[in-house]
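Subject: Handing over the structure

Hello,

Please read the notes with the structure open beside them.

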Amino acid sequence: MHTSMIILKFNDSLVTIVYPILHTSKYKISILQVFESTKMSHITALPSFEIVCSAHKVGRKGKKTAPKTKPSKDTMGFSSGRKEIWRCVESCGACCKLAKGPAFATPEEIFSDPSDIELYRSLIGPDGWCIHYEKNTRTCSIYPDRPYFCRVEPDIFKKLYGIENRKFNKEACSCCRDTIKAIYGPNSKELNNFNTSINDSSSALSTGV
């Protein structure tokens, strides 16, 4: 028999209930089903529930699988089947825009050390760019002495984001693409330059050139 899973909100808590599909209703379930599913046999009245979401699943013999997503048609910069090797690209500077907007994590969400939060915020200029970023040349005026969190390195990615070293290149490339798109746009020359550079370096590595 097929079953249905429904997630309900009860007194600000979420309750997951599984019951036969034949007994489902679009908006309500019976008090008996609630009692049987949650084993609240001593309750004599049905509380008010708010339906958060619901989903169907097969019976015990079936296996739950992750939803399949169609591959994106936008393959710009992604080498098919080739491992990408991250590298910094000159004349970009997208990561130097420190106030990137609500789509990006805040310093408080990234750092656990208050001194890192304070330092990061002290670098943000009135226009949101780092105060050490030279816009005319798109370079960092303190590059050799820049803070550790400005360095794209495996150990730093692991410390700040929990990303394992074996996933560093993939995540670093993805992070740069997201940042470049947010700052310069998805069809920008900066993104094209980054993708070309990554593909060239990855091709050279795979061919041993």
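Which backbone nitrogen lies 3.2 Å from a polar atom of the side chain of S188? The backbone nitrogen in question belongs to L191, and such a pair is called a polar contact, which is a pair of N or O atoms within 3.5 Å, where within protein one must be able to donate a hydrogen and the other to accept it, and where residues adjacent in sequence count only if both atoms are side-chain atoms. S188 itself is in the loop between α5 (168–184) and α6 (189–207), the helices (H or I, at least four residues) and strands (E, at least two) being DSSP runs numbered from the N terminus. With a relative accessible area of 9%, S188 is buried, a word that here means under 20% relative accessible area, while exposed means over 50% and partly exposed in between (1.4 Å probe, protein chains only).

Before going further, please note that this is a predicted model, in which local features need pLDDT of at least 70 and side-chain atom pairs count only at pLDDT 80 or more, while totals for chains, interfaces and linings use all residues. Residues are numbered from 1 along each chain as its sequence is written, and side-chain values use heavy atoms, with hydrogens and water left out.

The score just named, pLDDT, is the predictor's confidence in each residue, from 0 to 100. The chain averages a pLDDT of 73, and 58% of the residues score at least 70. Among the elements of the chain, β4 has the highest mean pLDDT (98), whereas strand β3 (residues 50–57) has the lowest (37). Over residues 16–80 the pLDDT is below 50, although this stretch has 93 contacts in the model beyond near neighbours in sequence, a contact meaning heavy atoms within 4.5 Å. Where pLDDT is low, the predicted coordinates should not be read in detail.

Next come the charged pairs. The structure holds 5 salt bridges, each being a side-chain nitrogen of Lys or Arg within 4 Å of a carboxyl oxygen of Asp or Glu. One of them joins the side chains of R138 and E190, at 2.9 Å from N to O. This pair links distant parts of the chain, 52 residues apart, with R138 in the loop between β4 (133–134) and β5 (139–140) and E190 in helix α6. R138 is partly exposed, at 27%, whereas E190 is buried, at 9% relative accessibility. Another joins K135 and D127, at 2.3 Å, and both ends are partly exposed, K135 at 46% and D127 at 39%.

A further salt bridge connects E164 with K158, the closest N and O atoms being 3.7 Å apart. K158 is also in contact with N165, as are P154 and D155, leaving aside the neighbours of N165 within four places in sequence. N165 is in the loop between α4 (154–161) and α5, and its C-alpha atom is separated by 7.2 Å from that of D155, 10 residues apart along the chain.

Lastly, what is the count of disulfides? The count is 0, a disulfide being a pair of cysteine sulfur atoms within 2.5 Å. The sulfur of C140 is 6.0 Å from the closest cysteine sulfur, in C96, and therefore too far for a bond. C175 is in no disulfide either, the nearest cysteine sulfur, that of C176, being 5.8 Å away.

With best wishes
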